[in-house]
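Please consider the structure shown below.

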Amino acid sequence: MIWQTGDITWQFPRPTLVMGIVNVTPDSFSDGGKFSSADAAVDHALQLAAGGAELLDVGGESTRPGAPPVDEAEELSRVIPVIKKLVGETDTLISVDTQKPAVAKAAVAAGARVINDIAAHRADDAMWRVAAESGAGYIAMHMQGTPQTMQNAPEYDDVVATVEAFFAERLEAMAAVGLPAEQVALDPGIGFGKTAGHNLALLERLTRFTRFQRPLMVGASRKSFLGGKVTERLDSSIACACRAAADGAGIVRVHDVRETVQALRAMEAVSSEEGG
Ligand code: 7PM
């Protein structure tokens, strides 16, 4: 299977692609606003790349449950300078975490090669046209509701079947507007309109989604379903990344890149040994 992201073609299966999280939000929930300025975000991103990140996910809108939306001008002024600086300083692939077509378009023009769209449920196809026209990779994530309301007693008859049907329907709709499946990766959206039980069910049944023959991405890093304090979720985050990778996730989205890469490479070394 291939994943086309601009001029770069990824071949899967391959060692798990680790996406490092680069928050450029002053209220980012786990970095305490430490990396709110462009230069600090760039420094942080370069450290993640040195730690083994092959994708850097630059986001300027907090998707914390209940967080207020950020307007377009503010989001542009947060992410575009960071992407421009990064493009000049690293060859590492850059993705933009945004729900806004205008932000995605400007990010791609600045050198981002992947659009990470947490609002892949929207009726509006403007975002898909940006991906189709630019050839950028596109991550379609499942979310029930909006970040403002999603953790308000989320409910499903069968969360795994719901996400599976969502992927099938979105892939068809994307193809219909001219966005080829080769550009698309699928993400069940851990924590986005899901209880802890829903998140665990999705992780348990992740292999169900391999039937789409698209790279699967999982973002479980530091999320509250892991339990305990946010500062004490490193080990559980790594466990989830490894479990997801073993079950077919080709991409994991994490805060703690160096530690996660080390764990994944150890696991992958086992499965690449010849038997006997
Ligand atoms: C609160 C809750 C704050 C969740 C921040 C988050 C994902 C994502 C995020 C994911 C994709 C975080 C998340 N999570 N994009 N953006 N998949 N595709 O932990 O799971 O950074 S924001």
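Glutamine 213 is found in the loop between helix H6 (196-204) and strand E9 (216-218); helices (H or I, at least four residues) and strands (E, at least two) are DSSP runs, numbered from the N terminus. Phi of glutamine 213 is near 55 degrees, a positive value in a residue other than glycine. The model is predicted, so local features need pLDDT of at least 70 and side-chain atom pairs count only at pLDDT 80 or more, while totals for chains, interfaces and linings use all residues. Residues are numbered from 1 along each chain as its sequence is written, and side-chain values use heavy atoms, with hydrogens and water left out.

A positive phi, near 50 degrees, is also assigned to alanine 153, again a residue other than glycine. Alanine 153 belongs to the loop between strand E7 (137-141) and H5. With a relative accessible area of 61%, alanine 153 is exposed (buried means under 20% relative accessible area, exposed over 50%, partly exposed in between, with a 1.4 Å probe and protein chains only). A further backbone feature is the cis peptide bond from phenylalanine 12 to proline 13, where omega is near 0 degrees. Proline 13 sits in the loop between strand E2 (8-11) and strand E3 (17-23).

The interior may be considered next. In soluble globular proteins, nonpolar side chains tend to be buried together. The largest nonpolar core has 68 residues, and those with the most contacts inside it are Val58, Ile115, Tyr138 and Phe209; a nonpolar core is a set of buried Ala, Val, Leu, Ile, Met, Phe, Trp, Tyr and Cys residues joined through side-chain atoms within 4.5 Å. Helix H5 (residues 159-176) gives the most to this core, with 8 residues. Apart from this core lies another, of 12 residues, among them Trp10, Leu55, Ile139 and Met217.

Alanine 185 lies in strand E8 (residues 184-187) and, at 0% relative accessibility, counts as buried. The C-alpha atoms of alanine 185 and tyrosine 138 are separated by 6.2 Å, although these residues are 47 residues apart along the chain. Leaving aside neighbours within four places in sequence, alanine 185 is in contact with Trp3, Tyr138, Ile139, Ala140, Pro215 and Ile251.

Is arginine 253 buried or exposed? Arginine 253, found in strand E10, is buried, because its relative accessible area is 16%. Its side chain makes a polar contact with the side chain of aspartate 97 (3.2 Å). A polar contact is a pair of N or O atoms within 3.5 Å; within protein, one must be able to donate a hydrogen and the other to accept it, and residues adjacent in sequence count only if both atoms are side-chain atoms. Beyond four places in sequence, the residues touched by arginine 253 include Met19, Asp57, Asn116 and Ser221.The structure holds 2 cavities of 30 Å³ or more. On a 1 Å grid over the protein atoms alone, a cavity is a set of points where a 1.4 Å probe fits but cannot get out, and a pocket is an open set with protein on both sides within 12 Å along at least five of seven lines; lining residues have an atom within 4 Å of a point. Grid points are joined across faces, edges and corners, and a volume is the space filled by probe spheres set on the points. The largest cavity contains about 80 Å³ of space, and its lining includes Gln99, His121, Trp128 and Tyr138. The second largest cavity has a volume of about 40 Å³, and Arg253 is one of its lining residues. H7 gives the most to this lining, with 4 residues.

The second largest pocket holds about 360 Å³ of space. Of its 19 lining residues, the closest to its centre are Pro13, Ala245, Gly248, Ala249 and Gly250. Helix H7 (234-246), strand E10 (249-254) and helix H8 (257-272) each supply at least two residues of the lining, and H8 gives the most, with 4 residues.

Definitions and conventions
Contact = heavy atoms within 4.5 Å.
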